[in-house]
Amino acid sequence: MRSDASKLGFYLLLAPIVLWLLVLIILPHVGLFIVSISEKIGPRIYETGFGNYATFFGEPLYWRTFARTAIMSILATALTLILGFPIAYYIAKLTRGRTKTTLFLMCMIPFWVSELVRTFGWMILLRETGVISTTLQIIGVISGPIELLYNDAAIMVGLVYTSILFMVVPLVTTLDSLDDSLIEAGYDLGGTTTSILREIVIPHAMPGIVSGCIVVFMLSLGNYLTPILLGGKDSLWFTGMIYNQFITRFNWELGSALGFLLLALSSAIVFLGLKLSKQSLSNTMGRA
Amino acid sequence: MIPTIPQPRFTKWCYRAYVTAFFVYLALPLTVVCVFAFNDSVFPSPPWEGFTLAWFFGTEAPYIGVFHERSILRAIGTSAFVALWVSGLAVAVGTCNAFLFVRHEFRGKALLYMLMLLPLIIPGVILGISILVFSSAIANTLEDATGLWFDGLRPGLPLVILGQFSFITTFATLVITARLQKFDPSLEEAALNLGATKLGTIRQITLPFLMPAILASAVVSVLMSFENFNTTLMLVGSDSPLTITMFDKLKQGSTPVLNAVSLLLIVISAVLGLFSLFFPQSKS
Amino acid sequence: MPFFTSRGCILSDPTHDLVCSDLMKDFDGFRAVDHVSFEVPKGSFFSILGPSGCGKTTLLRMIAGFQSPTTGDLLIKGKSMIGVPPNKRPVSMVFQHLALFPTMSIGDNVGFGLRQRGVARADIARRVDEVLDRVGLPGVSTRRIDQLSGGQKQRVAIARCMILEPDVLLLDEPLGALDLKLREHMKVELKSLQAAFDTTFVYITHDQSEALVMSDNIAVMNQGRFEQVGAPHEVYHNPQTAFVAGFVGDANKIDAKVSAVNGTRLTLTSSAGTEMKVEETGSSLMVGQAVQVFLRPEAIELSKSKDGIEDELNVSRCTVNAVLFNGSNSSVMVRDKAGSLFSVALPQTGSLADLREGDEVFTCWRPQKARCYPAPEV
């Protein structure tokens, strides 16, 4: 009797997660794939085939945007790592107690605020009539207003801003676990700052670097707001293209194909990152 | 390098300057958003025209403050409605998941755990379109078969709630699981030993222990739901939540009303965020 | 090159690898190391023994270069090390938790220092194998750190330092993390490694038995000061301060007052009212002064009857309170008439092996065996 009751309890616990994953994650993605391989040959008449994918590869605008999005995301990831590492190192190794908590919180606060608000802030700063342009005019660096918005640099600034926390947090966690005595031992044995960074600190921080990079890359790849608002209408970001196919053009079949390609790229990068660093998804993401 | 290792003063100074510059970079956008909420001008940009609270309390055009702007108030209401549903559902399912993963051993547990983490690595836009495509397919099939309308499966708040729930649950699960793992099972055994029933034990011993994590994940869920954009964008119908409304207004041209809303959002997010961080600690 | 010590005498003796003169270290308002001066002769094993918080770690880290002294000088092989960063000092350190780099193989760990010096790769490999051989771990260089046992890790940590042929090797309580059996074993091994490498070792510990077993010289440190520096047997048998007497080895401590002084012979009255005779040369104790008497358990003899005990000895009749059997370290707790408890070593041979709780015994000890110090002012 007792074991029946506990079996029932087990299934009651199992039901919600199975429903959630099946109905909201697995089946929709299967459905997305099915739609992506149907070609519309007449009103409400479809045929199975890879025509949508062929369209993607046949139309330079599509695959160039795809490549551009991927490259910009990789660049944003690299920048985030380079800018975030010294900060994470400073917080983890050069501050103690209260200062550490305060700096860490100061890093977190901007990220609890909606991405829209953050992007809006950058628009106020960067646009032609914005704060930076005006300030530069007042101090006399430039004579007329300049437009800092709607270019790739603006997108990059926004992307790095949006995702830097996701680099800093895992780095702080891994660097925190690096025993100071290892660095001291490196010095004691004659190491220099560079050689200790290269041989001791970075190898130790590798899991954090990988998980940070994976998350930042995914966030950049899937970002919609920042490229659209900071890059303007012609920002050519792949998510924007997917949105257009779905909402503006109402071509769901092509949109699904594009969506699936984006998913494939981001999964491939995650998989590659995990394989290269010999980490598992549970280890990397479970800590988030 | 570390405080015990001597460094040239110049190096130290440069490092500090960089860290300061970084925090300025972090604070700058949010600061300007807040500052221009008080600018007595119809554009949120320099020059500074004087201090005003009209963008919060104004009633006359063009100075219609947040608290009198119907569309924004309605959007806040919609967002709150969505956030409460998402948070409630996510915490409920997350708690079940925590018990499942911590207390039960079964075949395929590792696989299920990995599947549970998947929503973290699926871009939000894709999550949105896949749910959109799937629910529309079901709606089409059902409508063809029955001749009735199934509006709940078309873009609208129910889909927005489901879409946000689909990935926020993963966060709730992770937070609550981490807490449950720290629970000492002998406390439950002691309660059972003292004559409590199984359900009574969970209610009186285990759930109170989990409460800080449950509350924290509820707060985080509300925050995430409030600020979600990508998934929501694909699933939204005629009632739009705050971020979508603000996005539409922003595309039409920004006014300091948006700054005022943003300021409120910043304050509320910071308070809720700090709460979610410190509440669990103060209890344990 | 001649140099000065705090005592003002000129040492032109080049046989000292490490000289600290009048070292002092202040941390905002707290003096961790207080006017410490000492010399360590070349090739010797020098221990700094003290309770935790006595400043010994700070002292060691100043020698390594991770702290800089507030005042004072520190010379290695006659050269001042003030202002020299840790990576430029001819000292190496074995850290408390060894600080082996977990991301590197054993060979890479040991070769780390040589790589920093830009030694050729083949040379490094050869010397790594050599030094691993010398510490008794041949052929492990490709293995990972976590494949080693605790004792093997110790040896790798020492090899990693010794490959650089440092003038002084610093050891920061490296045995603390080991279990008791291994610790006993490693004491002997460290001593023989030191002899084999013929390098100066400076070893800090709070464990008196480690210091006593391994050292040529021990400095006993307390509250930032050196209480006594000397060979292990000197420190044990002839402690110069009450702290040393209480910290090194076991001792019964008796609070007493001087009731009479007769040359070197003192008569004391314990706070419980028992009278005793103590021989103390060169002390300036006066009648009426409060003192602390330290008496080692093995200095007390037990007998079942009073017969044959010289008058000269301090004798008292006691009851056995508890027998603490611990093999060759067995002891017995006895209570005298005044109610004070004493710990007495109990040899496991002879007639006393069958002693039981409640038995009557006589304790006796020679006045020369006790040490007597002025009581610290409260």
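How many bridges pair β13(C) with strand β14 (residues 265-270) of chain C, and in which sense, parallel or antiparallel? There are 6 bridges, and the sense is antiparallel. Please keep in mind, as you look around, that this is a predicted model.

**Where chains A and B meet**

- On the chain B side, 69 residues are in contact with 70 residues of chain A.
- Helix α1 (residues 9-35) of chain B gives the largest share of the side that touches chain A, with 11 residues.
- By class, that side of chain B holds 55 nonpolar residues, 13 polar ones and 1 charged one.

**A helix pair in chain A**

- Helix α9 (residues 193-221) and helix α12 (residues 252-277) of chain A have axes that come within 10 Å and cross at roughly 175 degrees.
- Angles over 145 degrees count as roughly antiparallel, and α9(A) and α12(A) are therefore roughly antiparallel to each other.
- On the α9(A) side, the residues that meet α12(A) are A:Met206, A:Pro207, A:Val210, A:Cys213, A:Ile214, A:Phe217, A:Met218 and A:Leu221.
- Their counterparts in α12(A) are A:Leu262, A:Leu265, A:Ser266, A:Ile269, A:Val270, A:Gly273 and A:Ser277.
- Sorted by class, this contact between α9(A) and α12(A) has 12 nonpolar residues, 3 polar ones and no charged ones.
- An α-helix has 3.6 residues a turn, so residues three or four places apart point the same way.
- From its first C-alpha to its last, α12(A) reaches 37 Å with 26 residues, close to the 38 Å expected at 1.5 Å a residue.

**Domains of chain B**

- Chain B is divided into domain 1 (8-68 + 254-284) and domain 2 (83-240).
- The C-alpha centres of domain 1 and domain 2 of chain B lie 32 Å apart.
- Between them, 9 residues of domain 1 of chain B are in contact with 8 residues of domain 2 of chain B.
- The domain 1 side of this contact in chain B has 4 nonpolar, 4 polar and 1 charged residues.

**Domains of chain C**

- Chain C is divided into domain 1 (3-246) and domain 2 (250-374).
- Taken over C-alpha atoms, the centres of domain 1 and domain 2 of chain C are separated by 39 Å.
- Contact between them involves 5 residues of domain 1 of chain C and 6 residues of domain 2 of chain C.
- On the domain 1 side in chain C, 3 of the touching residues are nonpolar, 2 are polar and none is charged.

**A four-stranded sheet in chain C**

- An open sheet of 4 strands in chain C has the order β4-β3-β6-β7, with antiparallel pairing.
- Its edge strands are β4 (30-41) and β7 (79-80) of chain C, each pairing on one side only.
- Strand β6 (residues 71-76) of chain C is joined to β7(C) by 2 bridges, and the two run antiparallel.
- C:Ile76 has C:Lys79 in β7(C) as its bridge partner.

- The hairpin of β13(C) and β14(C) has 2 residues between the strands, and C:Gly263 in the turn has a positive phi of about 65 degrees.
- Within the pairing of β13(C) and β14(C), C:Lys257 stands opposite C:Thr269 in β14(C).
- Strand β13 (residues 252-262) of chain C also pairs with strand β16 (residues 290-295) of chain C, in the antiparallel sense over 6 bridges.
- C:Asp255 finds its bridge partner in β16(C), namely C:Gln292.
- β14(C) pairs with strand β15 (residues 275-279) of chain C in the antiparallel sense over 5 bridges, and C:Thr267 stands opposite C:Lys277 in β15(C).
- The hairpin of β14(C) and β15(C) has 4 residues between the strands, and C:Gly273 in the turn has a positive phi of about 105 degrees.

**A five-stranded sheet in chain C**

- Another open sheet in chain C has 5 strands in the order β17-β21-β18-β19-β20, paired in the antiparallel sense.
- Because β17 (301-303) and β20 (341-345) of chain C stand at the edges with a single partner strand each, one side of each is left without a neighbour in the sheet.
- From one strand to the next, the twist averages 45 degrees.
- β17(C) pairs with strand β21 (residues 360-365) of chain C in the antiparallel sense over 3 bridges, and C:Leu302 stands opposite C:Thr363 in β21(C).

Technical notes: Residues numbered from 1 in each chain as written. Chains lettered and ligands numbered in written order. Predicted model: local features only at pLDDT ≥ 70, side-chain atom pairs only at ≥ 80, totals over all residues. Contact = placed C-beta atoms within 7 Å. Nonpolar A, V, L, I, M, F, W, Y, C, P; charged D, E, K, R; others polar. Pairing = 2+ DSSP bridges. Axes fitted to C-alpha atoms, helices over the stretch in contact; angles between N-to-C directions. Parallel < 35°, antiparallel > 145°, perpendicular 65-115°, else oblique. Expected span 1.5 Å × (residues − 1). Domains from an automatic or database assignment.
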